[in-house]
Amino acid sequence: NKHINPSQLNAIIKCLRAKDLSLIQGPPGTGKSTAIAELIWQHIRLNPKERILLTSETNQIEEHTSEL
């Protein structure tokens with residue numbers, strides 16, 4: 001994805017390599033939603049039969065990622 005910056009790419013790679021659980025956190029406007037959407041896309045591409053649980057303190061992330 002050409003919209004992913006090096007910091008986001010690093011977070012995505014760490015999440016994909018995690019054995020159990022991954023968390024992405026940061027201040028507003030840092031591209032967390034974009035990184036999470038890309039992470040979900042890559043995870044589905046690599047593991048099409050696995051399920052993903054996406055949770056958030058607010059529903060903003062769910063709304064954003066469902067639009068992508």
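This is a predicted model: local features need pLDDT of at least 70, side-chain atom pairs count only at pLDDT 80 or more; totals for chains, interfaces and linings use all residues.

Me: Which secondary structure elements does the protein chain have, and in what pattern?

Reply: The protein chain has 3 helices and 0 strands, so along the sequence you read α-α-α, going by the DSSP runs.

Me: How much of the protein chain is buried?

Reply: Of its 68 residues, 18% are buried.

Me: What should I look for inside?

Reply: In soluble globular proteins, nonpolar side chains tend to be buried together. Here the largest nonpolar core has 5 residues: Ile4, Ile12, Cys15, Ala35 and Leu39. Helix H1 (6-17) and helix H2 (32-46) are the elements that each give two or more residues to this core.

Me: Which residues does Ala35 touch, leaving out those up to four places away in sequence?

Reply: Ala35 touches Ile4, Gln8 and Ile12.

Me: Is Gln8 buried or exposed?

Reply: Gln8, found in helix H1, has a relative accessible area of 8%. Buried means under 20%, so Gln8 counts as buried.

Me: Where does the side chain of Gln8 reach?

Reply: It reaches the backbone nitrogen of Asn5 at 2.7 Å. Leaving out residues up to four places away in sequence, Gln8 also touches His3, Thr30, Gly31, Thr34 and Ala35.

Me: And how do contacts look across the whole protein chain?

Reply: Among contacts with a separation of 6 or more, 48% come from residues 24 or more positions apart.

Definitions and conventions
Residues are numbered from 1 along each chain as its sequence is written. Side-chain values use heavy atoms; hydrogens and water are left out. A nonpolar core is a set of buried Ala, Val, Leu, Ile, Met, Phe, Trp, Tyr and Cys residues joined through side-chain atoms within 4.5 Å. Buried means under 20% relative accessible area, exposed over 50%, partly exposed in between (1.4 Å probe, protein chains only). Helices (H or I, at least four residues) and strands (E, at least two) are DSSP runs, numbered from the N terminus. Contact means heavy atoms within 4.5 Å. A polar contact is a pair of N or O atoms within 3.5 Å; within protein, one must be able to donate a hydrogen and the other to accept it, and residues adjacent in sequence count only if both atoms are side-chain atoms.
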